[in-house]
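Visitor: I would like to learn how to read the features of a structure one at a time, with the general idea before the particular case. Could we go through it together?

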Amino acid sequence: MEVEATMAKTKQPARGPAFAIYLRVSTDMQVQEGYSLGTQERLCREYIERKLGHPPADVTVYREEGRSGSYTVRQLRKGNQPIRAVLSDLIDDAESGRITHIVTYEVSRMSREFDDWVMIHRLLLEPLGISVWVAQNDLDLENEDDEFVGNLLALVSDRERKLIRRRILDARESRRQGGYLPGGHAPYGWRWEPLDQVPPGGRRNIEPDPEEAKWLRWMVDRIMNDGWGVTRVAKELFSMGVESSPGKCRWTGPE
């Protein structure tokens, strides 16, 4: 895959160190719990203070919520790969001279794609003289040994991401082979059975959702008995204020 990197702009002089803390969580669940943004920010601030010997005077926090580390930045044009807008904005601010140091908690927060990690640092930040610090591993990428360790961690993170994806796909295929719904959102009219009802060692299956099942029967009746088309059904559901399943497309409304 060909990658086109935008040319880095000339950095303008900055008054003293200006720190940017970059935080990222990859799913909506992690935004609220788990590997929280708040924890990452606290640890990054503590790390900067230890390095400087005093609290930093100028810190801007960039929060990337619910975005995968495999997404790229708009400064690296990589086909149709999704973009992380916040990290892209951070790089723009670095190019404008408003930032001298970027601090992230760990390598995988910046990127889980090895080539992106290298290109963001080598092509976009290094020519600007931006210092990149990794709090968890006490890395300063201006140091050649630290840069080597950072690249190794990025490579491991990339491999880990691919293995996780493979395990997910294998698990879904195993569920399909066993006659179970592979995962994700249950079809309209159904819901996942409560976890406390799944027997030990058993598979979680789906069960009818009483409210949605009622509307599902209504849809079938309109189409099979009244001869409606799906567009008319969708518009009628929209007009009646019937909600679709969470995470799915809304019913098509009147134009």
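Visitor: What share of the residues in the protein is buried?

Guide: A residue counts as buried under 20% relative accessible area, as exposed over 50% and as partly exposed in between, with a 1.4 Å probe and protein chains only. Buried residues make up 40% of the 255 residues here. This is a predicted model, in which local features need pLDDT of at least 70 and side-chain atom pairs count only at pLDDT 80 or more, while totals for chains, interfaces and linings use all residues. Residues are numbered from 1 along each chain as its sequence is written, and side-chain values use heavy atoms, with hydrogens and water left out.

Visitor: How many helices and strands are there in the protein?

Guide: Helices (H or I, at least four residues) and strands (E, at least two) are DSSP runs, numbered from the N terminus. On that basis the protein has 8 helices and 9 strands. A contact means heavy atoms within 4.5 Å, and of the contacts with a separation of 6 or more, 60% are between residues 24 or more positions apart.

Visitor: How should I read the aromatic pairs?

Guide: Rings of Phe, Tyr and Trp (its six-membered ring) pair if their centres lie within 6.5 Å; planes under 30 degrees apart count as stacked, over 60 as edge-to-face and the rest as tilted. The structure holds 4 such pairs. One of them joins Y47 and W133, edge-to-face at 6.1 Å centre to centre and with 90° between the planes. This pair links distant parts of the chain, since Y47 belongs to helix α2 (residues 37–52) and W133 to strand β6 (residues 131–134), 86 residues apart. Both Y47 and W133 are buried, and ring pairs link F19, Y47 and W133 into a cluster.

Visitor: Why is the pair of W218 and W228 edge-to-face?

Guide: The ring centres of W218 and W228 are 5.8 Å apart and their planes stand at 85°, so the pair is edge-to-face. W218 lies in helix α7 (residues 210–224) and W228 in the loop between α7 and α8 (230–239), 10 residues apart. W218 is buried, as is W228.

Visitor: Which charged end sits over the ring of W133?

Guide: A charge sits over a ring if NZ of Lys or CZ of Arg is within 6 Å of the ring centre and within 35 degrees of the ring normal. The charged end of K51 has that place over W133, 4.9 Å from the ring centre. In the other tryptophan pair, R222 lies over the face of W228, at 6.0 Å from the ring centre.

Visitor: How do I read the packing of α7 and α8?

Guide: Axes are lines fitted to C-alpha atoms, for helices over the stretch in contact, and angles run from 0 to 180 degrees between N-to-C directions. Angles under 35 degrees count as roughly parallel, over 145 as roughly antiparallel, 65 to 115 as roughly perpendicular and the rest as oblique. The axes of α7 and α8 come within 10 Å and cross at roughly 140°, and the two helices are therefore oblique to each other. The contact is made by W215, W218, M219, R222 and I223 of α7 and V230, V233, E236 and L237 of α8.

Visitor: At what angle do α3 and α5 pack?

Guide: Helix α3 (residues 85–95) and helix α5 (residues 114–125) pack at about 25°, with their axes 11 Å apart, which makes α3 roughly parallel to α5. L87, I91 and A94 of α3 make the contact with I120, L124 and L125 of α5. D92 is also found in helix α3; at 30% relative accessibility, D92 counts as partly exposed.

Visitor: What should I look for in the backbone at D138?

Guide: Most residues other than glycine have a negative phi. D138 has a positive phi of about 55° although it is not a glycine, and D138 lies in the loop between β6 and β7 (139–140). With a relative accessible area of 45%, D138 is partly exposed.

Visitor: Is D140 buried or exposed?

Guide: At 17% relative accessibility, D140 counts as buried, and its place is in strand β7. Not counting residues up to four places away in sequence, D140 touches K51, S131, V132, W133 and D146.
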